[in-house]
Amino acid sequence: MNKLIVLLFLCILVLTSCKTIRKYKEVSSNEYLQKVSNVRYKDVSIQKKPILLNGFSSNLQREKERILSSNEIAKIGLIEHNAAELAVQNSLTYSKFVAIINNHVKVQTNNWKDLDNLINREYPGFREKLINLCQLKEQEYRVSLLIKAGFEPTTIAHLLNKSAAAVSTIRSRSYEKVFGKKGGSKEWDKFISSL
């Protein structure tokens, strides 16, 4: 008889557990959290915990939305930057500079104006950003334009009729002017590329 009662008790326990598990599975995690957060506690210090969790959860949600928004903005910025880079390198002005290099002729004033207009059209505010940071000499600004257009330092040296070392010095000096500390020419190139 005792065995039968124990067996019956175990069957009831198993059925109750299965029913509870089924109910738990039916309730989504959000509904479950909502039900848990709505439980009222007699102890005041315990009552504050669901409120804090809800506040923490909403803060996490806002932070997640901010990060997603920032990521989207960064993606758009990268797409725009790549499109501008492509537009510069497919432009007539860029082609003229390549022809100047290939034909070993001197860059004319109108070529510099065209390059300046191209870079500032494709990268709006490029000139103003540099002017606001420091007063660059004409040679320093031209080097910056050529970097922004995607030319290599040796090509820049050829276009300016300077040595590669002189162009490297111009880039390093420009970095020091803007940031107030010594930096390499590659740091200047990275900075110009980021504008």
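Buried means under 20% relative accessible area, exposed over 50% and partly exposed in between, with a 1.4 Å probe and protein chains only. The model is predicted, so local features need pLDDT of at least 70 and side-chain atom pairs count only at pLDDT 80 or more, while totals for chains, interfaces and linings use all residues. Residues are numbered from 1 along each chain as its sequence is written, and side-chain values use heavy atoms, leaving out hydrogens and water.

Select Ile101 in helix α4 (residues 92–103); helices here are DSSP runs of H or I with at least four residues, numbered from the N terminus. Ile101 counts as buried because its relative accessibility is 19%. Beyond its neighbours within four places in sequence, Ile101 is in contact (heavy atoms within 4.5 Å) with Phe151, Thr155, His158 and Leu159. Thr155 lies 54 residues from Ile101 in sequence, yet the C-alpha atoms are 7.6 Å apart.

Next, show α8 (residues 153–160) and α9 (residues 164–179), whose axes are 8 Å apart at an angle of about 105 degrees. Axes are lines fitted to C-alpha atoms over the stretch in contact, with angles from 0 to 180 degrees between N-to-C directions. The two helices, α8 and α9, are therefore roughly perpendicular, a label for 65 to 115 degrees. At the contact, Pro153, Ile156 and Ala157 of α8 meet Ala164, Val167 and Arg171 of α9.

Finally, select Leu130. Leaving aside neighbours within four places in sequence, Leu130 touches Leu136, Tyr141, Ser144, Trp188, Phe191, Ile192 and Leu195.

Note on methods: Angles under 35 degrees count as roughly parallel, over 145 as roughly antiparallel, 65 to 115 as roughly perpendicular and the rest as oblique.
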